[in-house]
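Please look through the sequence and the model below before reading on. The report that comes after them is meant to be read side by side with the structure.

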Amino acid sequence: MSVEESGRVPMIAGNWKMNKTVSEAESFIQALLPRVSSVTGVDIAVCPPYPALAPMVDSVRGSRVQVYAQNMHFEPSGAFTGEVSAPMLTELGVEGVIVGHSERRQMFGETDRALQLKVPAALDAGLVPILCVGETEEEREAGETERKLRHQVQEALARVDPAKLRSVVIAYEPIWAIGTGKVATPELAQDAIAFIRALVADRSREQAESVRILYGGSVSAETCPGLLELPDVDGALVGGASLDPDSFAAIVAAATR
């Protein structure tokens, strides 16, 4: 089922990673807002580092742009030095959060078991979780893409109420494409994302038709249009190209229906 048939609203989210001070974030958002002010039919989110969350929420108020965090802990409070909870994010006006990004998994020990707790915790707090999944180049070459995706998706969604599955956004990010300039071919991207949708359908076919699945991995204004035309691709999680207001606005425009 295509995006138009399902009623799924395309989403473009910019993951800034550890980039932009508060002043740099302010300069970016003031340049971006006029460029996307007339856009319709697409959800837009920026995901700045923690220090810029509150300033960005203030700056985007009244616009189409939403503010998401890059990570959160599953507990609402406690002795977890350096962590931030869902209630802390919602109090700021943050509307969603990235969970399970491959950089969090590889560099900071993020586990599938932790994501089992993070995804429902985000939903319970009223945050939209963007769950990241994807395979390494070695796993792709070994023919293990589906095994890896099955494990990640089933583990992370295991404790999610089937009636809430449509509220989860899933981002397919092949690890070999993140920051490398390599982009999955349209065929590879469509096959992987259709497989992810089938995994959700194992829990609820109705919910699977509504859940949004994004592509991520060296997304640019040049590569985005072809990817967004694919029947199961509902938008993009953008890395480096989201740091420039012109390139990010061009990607947003490409997603406009």
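Predicted model: local features only at pLDDT ≥ 70, side-chain atom pairs only at ≥ 80, totals over all residues.

Residues are numbered from 1 along each chain as its sequence is written, and side-chain values use heavy atoms, with hydrogens and water left out.

**Nonpolar cores**

A nonpolar core is a set of buried Ala, Val, Leu, Ile, Met, Phe, Trp, Tyr and Cys residues joined through side-chain atoms within 4.5 Å, where buried means under 20% relative accessible area, exposed over 50%, and partly exposed in between, with a 1.4 Å probe and protein chains only. The largest such core has 73 residues, and L157 and Y215 have the most contacts inside it. Helix α9, residues 186-203, gives the most to this core, namely eight residues; helices (H or I, at least four residues) and strands (E, at least two) are DSSP runs, numbered from the N terminus. Apart from this core lies another, of twelve residues, among them A13, C132, L214 and L237.

**Strand β1**

Strand β1 (residues 11-15) is largely enclosed by the rest of the structure, because five of its five residues are buried. From β1, M11, A13 and N15 point one way, while I12 and G14 point the other way. Strands pair if DSSP finds at least two bridges between them, and β1 pairs with strand β2 (residues 43-47) in the parallel sense over five bridges, with M11 standing opposite D43 in β2.

**The largest pocket**

A pocket is an open set of points on a 1 Å grid over the protein atoms alone, where a 1.4 Å probe fits, with protein on both sides within 12 Å along at least five of seven lines; lining residues have an atom within 4 Å of a point. The largest pocket has a volume of about 460 Å³, a volume being the space filled by probe spheres set on the points. Among its 17 lining residues, K17, M18, Q70, R104 and F108 lie nearest its centre, and helix α5 (residues 102-108) gives the largest share of the lining, four residues.

K17 counts as partly exposed, because its relative accessibility is 21%.
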